[in-house]
Amino acid sequence: MSELVGKIQSKSLFDSKTKQFFSTISGLFILIIIFSLNNENFLTTANLLNVAVQTTPILLIAMGQTYVLITGGIDLSIGSNIALAGVTAAIFMKAGIPIPIAMLLGLGVTAGVGVLNGVMIAYGKLPPFIVTLGTMTTVRGITLTMTQGIPISGLPEAFNNIGIAKTLGIPNPIFIMVIFAVIFGFILSKTRTGRYTYALGSNFEAARLSGVNAHMTLIKVYMFSGILAGVAGLVMAARIISAPPTAGMGYELDAVASSVIGGASTMGGEGAIFGTVVGAFIIGVLRNGLNLMGVSPFIQQIVIGVVIIAAVFFDKLRHSK
Amino acid sequence: MDSYLVELRDIEKEFPGVKALDHVALTLKHGEVLGLLGENGAGKSTLMKILSGVYQKDAGSIWVNNEEVAFETPKEAEAKGIAIIHQELNLCKHLTVAENIFLTRETTKFGFLDEKEINQKTQVILDSLNLDIKPTDLVSSLQVSKQQMVEICKALSIDAEIIIMDEPTSALTEKEIEELFGIIHQLKKRNKGIIYISHRLEELAHIVDRVTILRDGQYITTMDYDVTQLQQVIKHMVGRAIKDKFPRVESIIGDVIFEVDHITTPTGVKDVSFRVRQGEIVAIAGLMGAGRTELVRAVFGADPITSGEVRIEDQLVKIRSPRDAIKNGLYCVPEDRKKDGLSIKMTVNENMALPNLDFTTGRLMTSEKKEAALTKNMVEKLNIRTPSIHQKVKNLSGGNQQKIVVGKWLVRDAKVIIFDEPTRGIDVAAKIEIYHLMNRLKEDGIAVIYVSSELPEVLGLSDRVLVMCNGRLKADLKTLDTNQEEILHFATQYDALEER
């Protein structure tokens, strides 16, 4: 028996998760090859670093969205949370609060929004779509009220460094992105919280009857999403030394797109941080490559839309086999 | 030749691994109510699904008005005047009564829906039955009994000659049942034929002319029926008990370890108390809807309770969620393994480890090694047939799936384990393995609570039988001193005039 088990385990290189891994990542490489053949400026260190920096905010929020999608939910409030974190931190910085503390306060507020989402969904049994649609609008309204609609600018230079400066030749946002991807990838694949996240999305009732603390796990997941949106908001504000109340509008759907291209299912139970990283980069590379080719932003939207549907379609095909 | 409205001859139907119907016959006359009886799994519903075109027969013939028919779809059966009213009503709650009755048969005027016309037609049908319902009422605003009337009106609106009712009274109060019987009498007068499936044998006597009895997919008999023949009917339904199929073991029965006191729930369990001792298998028997699953779910913390107490080893335990139950060594193998027991998209290993991550996880990280060791151990111990522990559960047979649901609890120290219909839908070999498993637990001094609809199984395995009916505990019987007739007697002891 154990011999048989061993044999099949060694074959698991080719199981469906691994196949998905390869198909998404090969999609990214195909794009990179196409763009490098088309434009000599694409495959340069400067441009690739640029792609990575531009992808950072989307990737950060997409990781949170991946957690949420795996539970079978959706978080529409992350775009508004991006603005809330930036504006909150900016207000405190202007009030003379030390930068790290101001940033933590910004993150605390967006984590709070996440917890609120989670509580309403877990205990109030309200649909995630409605709850986060509500907080999306409310939070946007709050940021607009806090700023009277005017971006808060003139932030300290040290804060700007977080977004602009390079360490060892690599822009800081990339380090931030990697650190958070490692942390949240680890939580999802290697901790009980991560396992429970999959279990809830796979079969909520079975997980609950197995003793999983379903409510707590849901709240944690929405809190993660809030925190990651906050980090994205701070990185964005740091790069432009300004916190506009309109930051991050529509980003929540880019986050869904990245997760889904990376193999997450909107029905829950499926998804992984590595896939989401690749998904976010597929969108980032597409935008950058099409820009270099001089394709108009209008047409870029058409292309990205088609890619989202095609990615999910091929995923379905693979599953139905 | 008699003129039957419906005649089924030698109907056979096989599902993978199960002969669901074996040469079953049935006749129905004009203006007659025929009761169709049998225990759970006897084949009543399958037979009616064949008659109404939901399933196709493997062999045999169906005659309607002396004409042989073959239905590929429910629509075709409907065209021949056959309507079925399922236990779970098939109505669109957000539409009105008239919209439901004429769904897919809407009348239009210049391409627009003609609400007036269908409302008028509906009113005519409602009036013919003297019903106090308006065509424009939303179905969601009606009580269940009225919704059932809407289903009957729907059947009348297609001029159904044959109306099949599957457990029509299971959700009704006594008064509503009387109302329903009044309607059935009217339908009889209109020369309709009615096939009536019910477990409520006493009640049945008021309404049916004849009964046809099935057992294990076989035709047993058809007889005239009134209340004096109750015992005879039960005997036919039950057949001869086969006791030696089940490997009963004797064990030393210890102290009371599990006490349930006066449990009442919003789901319909009423003031139930019982005790279970170490090393004892206590079965909970009853018919569908008796409240057995509701009781064990509430005890396990899956559903809230209104009042009542649970004690484990003389300690009062507060169980507000399954987590609390699990912490106290009380586990439950739920009734519907695909819905409540397993994540079928996840692997054997992931399912097995889910409740046991507290054992396998280090300070921070989950350990694949420890999880795999735990799973492999259980796979071997329970003889779970799977090509790999990383196989998705949905690819395994029902029996092996069930062993995973059971196995995930056996990793932990158990005091009480609840099995809710553990052998439903699994093959005989796997059933026997589950029996042996329960016996092993009993020998280890664990209190086993076991809900089952299969009386021979209950009699063969348990030490005691609790019988429930309509949310109440009706009897606490020593298995060796009882028999199927007595259990069925208590299981059909509905309280007269009780408000639900």
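Hi everyone, let me start with a distance: taken over C-alpha atoms, the centres of domain 1 and domain 2 of chain B are 35 Å apart. Domain 1 covers 6–238 and domain 2 covers 256–491, with bounds from an automatic or database domain assignment.

A word on the source. This is a predicted model, where local features need pLDDT of at least 70 and side-chain atom pairs count only at pLDDT 80 or more, while totals for chains, interfaces and linings use all residues. Residues are numbered from 1 along each chain as its sequence is written, with chains lettered from A and ligands numbered from 1 in the order in which they are written.

Back to chain B. The C-alpha trace spans about 70 × 55 × 45 Å along its principal axes. A compact globule of 500 residues would have a radius of gyration near 23 Å, and chain B agrees with that at 25 Å; this is taken over C-alpha atoms, and the globule rule is 2.2 Å times the number of residues to the power 0.38.

For secondary structure, chain B has 18 helices and 22 strands. These are DSSP runs, numbered from the N terminus: helices are H or I with at least four residues, strands E with at least two.

Now, how do the chains meet? In chain A, 25 residues are in contact with 27 residues of chain B, contact being C-beta atoms, placed from the backbone, within 7 Å. Helix H1 (2–10), helix H9 (192–202) and helix H10 (204–209) of chain A each supply at least two residues of the side that touches chain B.

Technical notes
Two residues are in contact if their C-beta atoms, placed from the backbone, lie within 7 Å.
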